[in-house]
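The following questions and answers examine a structural model step by step. Please consult the sequence and the coordinates alongside them.

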Amino acid sequence: MKTVEVVAAIIINGDYIFCAQRNYNDKEYLSYKFEFPGGKIEQEETYEQALLREIREELDWSITIDEFFMSVDYTYPDFKLIMHTYLCSPVNEEFNLNEHASFKWIKPADLKYLNWAAADIPIVDKLIKKSL
Ligand SMILES: Nc1nc2c([nH]c(=O)n2[C@@H]2O[C@H](COP(=O)(O)OP(=O)(O)OP(=O)(O)O)[C@@H](O)[C@H]2O)c(=O)[nH]1
């Protein structure tokens, strides 16, 4: 089974976390799910470089990476995902949705109400616990 390694940004502004909704995908289990923006690491990139590039490409957004948060391993029906997440801050308030269907700013306690990609559940759980 193919393994995909991804970095993702948990972008925090005050009490709110940026949540991005994926577009339609032929993989039904990923279509329209919420995720933390990010993507695959390219050869010869550090994780941090990959994350800054992905957020620039997907959202035209500058962020700063504050700290590593957690990594998850999850096996989808047809690939294995390894995802590394980082707590990040936006440099400014302007961004564009170049790839996502929609976005929401959500307080940690309300994260559980979104329809997340399955791999994200441990991340969401840890964010909720952290805010209690
Ligand atoms: N960025 C990101 N990807 C996630 C999350 N959760 C999750 O399962 N993924 C999966 O990790 C992979 C991310 O890679 P990607 O964003 O570059 O992939 P993609 O399917 O949009 O692009 P592709 O069609 O070029 O492969 C996708 O399969 C995506 O569904 C998440 O919170 N953030």
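**Questions on the predicted model**

Glu44 lies in the loop between β4 and α1. The model is predicted.

Q: What distance separates the end C-alpha atoms of helix α1, and what span should its residues give?
A: Helix α1 comprises 13 residues, 47-59. At 1.5 Å a residue these should span 18 Å, and the distance between the end C-alpha atoms agrees with this: 18 Å.

Q: What arc do the buried residues of α1 cover around the axis?
A: The buried residues of α1 are Leu51, Leu52, Glu54, Ile55 and Leu59. They lie on the same side of α1, because the arc they cover around the axis is only 165°.

Q: Which strands are included in what covers the buried residues of α1?
A: The buried residues of α1 include Leu51 and Ile55. After the helix comes Asp60, with a positive phi near 50°. The cover over the buried residues includes β1 (2-13), β4 (38-40), β5 (63-75) and β6 (79-90).

Q: Which residue in β6 is the bridge partner of Glu67?
A: β5 and β6 are joined by a hairpin through 3 residues. The two strands run antiparallel, with 11 bridges between them. In β6, Glu67 has as its bridge partner Leu87.

Q: Which residue in β2 is the bridge partner of Ile12?
A: β1 and β2 form a hairpin with 2 residues between them, and Gly14 in the turn has a positive phi of about 60°. The strands pair in the antiparallel sense over 2 bridges. The partner of Ile12 in β2 is Ile17.

Q: How many C-beta neighbours inside 10 Å does Ile17 have, and how does it count?
A: Ile17 has its place in strand β2 (residues 16-21). Not counting residues up to four places away in sequence, Ile17 touches Ile10, Ile12, Ile106, Pro108, Leu111 and Leu127. Ile17 and Pro108 are 91 residues apart in sequence, yet their C-alpha atoms are 7.0 Å apart in space. Since the C-beta neighbours of Ile17 inside 10 Å number 21, it counts as buried.

Q: Which residue in β3 is the bridge partner of Ala20?
A: β2 pairs with strand β7 (residues 102-106) in the antiparallel sense over 5 bridges, and in β7 the bridge partner of Ala20 is Phe103. β2 is also joined to β3 by 2 bridges, and these strands run antiparallel. In β3, the partner of Ala20 is Glu35.

Q: How do the residues of the shell around the ligand divide into nonpolar, polar and charged?
A: Of the 15 residues around the ligand, Glu35, Gly38, Gly39, Ala117 and Ala119 come nearest. The elements giving two or more residues to this shell are β1, β4 and β6. The shell divides into 10 nonpolar, 2 polar and 3 charged.

Technical notes: Residues numbered from 1 in each chain as written. Predicted model: local features only at pLDDT ≥ 70, side-chain atom pairs only at ≥ 80, totals over all residues. Helix = DSSP H or I, 4+ residues; strand = E, 2+ residues; numbered from the N terminus. Expected span 1.5 Å × (residues − 1). Buried ≥ 20, exposed ≤ 12 C-beta atoms within 10 Å, placed from the backbone. Arc of directions from axis to C-beta. Contact = placed C-beta atoms within 7 Å. Near = placed C-beta within 6 Å. Nonpolar A, V, L, I, M, F, W, Y, C, P; charged D, E, K, R; others polar. Pairing = 2+ DSSP bridges.
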